[in-house]
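Please view the sequence and the model before reading on.

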Amino acid sequence: MRKHMKSSLLALLMVGVIISMTVFAAPVFAEETADLGAALELEAVISLTDHPDDFSEDYTVALTAADEETPMPVGCNGDTWYGTRTGAGSIAVDPINFGRPGIYEYSMEQIAGSADRWTYDDAVYEIVVYVTNNAEGGLDVNAAIRKEGEEEKSELVFVNVYEPLPVSVGITAKKTMDGKVPENGAFEFVLEDWDGNVLETVSNTDGGVISFSDVEFKEAGVYELTVYEVEGTNKRITYDTSKYAVIVTVTQDGDLVADISYEKNGRDYSGDIIFANMTGPKMGDDTNIGLWIGLCAASAVVIILLFVLGKKKDK
């Protein structure tokens, strides 16, 4: 009997030990084991628009945690991590290690520089990291990256824009009157832009030079200016009605560069822009046509009389 009771007590004791081990042992989860943790690697990209080749600058991005409990990149002791690079390219964020499931939030932005003529991307990216258990007993990490005000994105890109120095083009022409240099201010000339708006009206100088103010271009493109002479009212002058197209092709090679070509009356042209006026009846002007006919008739009569008188003398 006693032997049987001892056996029963021993069995109960073993059961109690097993139960106590099962109930009071510290639970072990995959995410709490260092070997089963997971890491997140992020990469920011600095992109630069066309700029001078000799320009160089350091660019810095800042990754900030939403709270003190959020894991930070390896080696970061505060709640903000900074990464810097020189020129365009990528900035790799040091790995962020996660030891347990959860939702973790960060933000990333660029620290604005101070170089002249640059506009620095001030976008702020919201990064939400989802850490979950997987079937293998480890952790899966997925990050949703979204620029404020936009849909979800997959890259952290900061585009810095360079405003190139504008390029100016000066337009000059020459003026002649019967092949000679006219007096100062004798004639007027117009410069129009590509939309037909009059930019400037000027007169010739003593040397027959026509000079317009410089035209400034701030963007790459093809622009067509027009130069022509204002037709005067002097009936004894045939005015040059030519129209010159000044075609300005602006390209960006760091800063803006302009190339100029010409057309005259719709055809390719090379050389100086020249307006040549002549003394004589204006084409299409019949105001004094009777006078010119009379002069021609009188000249013909004089010639005939001289011819007749010459014949009589010969006899």
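A polar contact is a pair of N or O atoms within 3.5 Å; within protein, one must be able to donate a hydrogen and the other to accept it, and residues adjacent in sequence count only if both atoms are side-chain atoms. The model is predicted, with local features needing pLDDT of at least 70 and side-chain atom pairs pLDDT 80 or more, while totals for chains, interfaces and linings use all residues. Residues are numbered from 1 along each chain as its sequence is written, and side-chain values use heavy atoms, leaving out hydrogens and water.

The side chain of Thr279 makes a polar contact of 2.5 Å with the side chain of Asp178. Thr279 belongs to strand β24 (residues 274-279); strands are DSSP runs of E, at least two residues long, numbered from the N terminus. Contact means heavy atoms within 4.5 Å. Leaving aside residues up to four places away in sequence, Thr279 touches Met177, Asp178 and Arg236. Met177 is 102 residues from Thr279 in sequence, yet their C-alpha atoms are 7.7 Å apart.

Most residues other than glycine have a negative phi. Two non-glycine residues with positive phi are tabulated here. Partly exposed means a relative accessible area between the buried range (under 20%) and the exposed range (over 50%), with a 1.4 Å probe and protein chains only.

| Residue | Phi | Relative accessibility |
|---|---|---|
| Arg117 | about 70° | 31%, partly exposed |
| Asn265 | near 55° | 49%, partly exposed |

Arg117 is in the loop between β7 and β8 (118-119), whereas Asn265 is in the loop between β22 (255-264) and β23 (267-269).

Notes:
Helix = DSSP H or I, 4+ residues; strand = E, 2+ residues; numbered from the N terminus.
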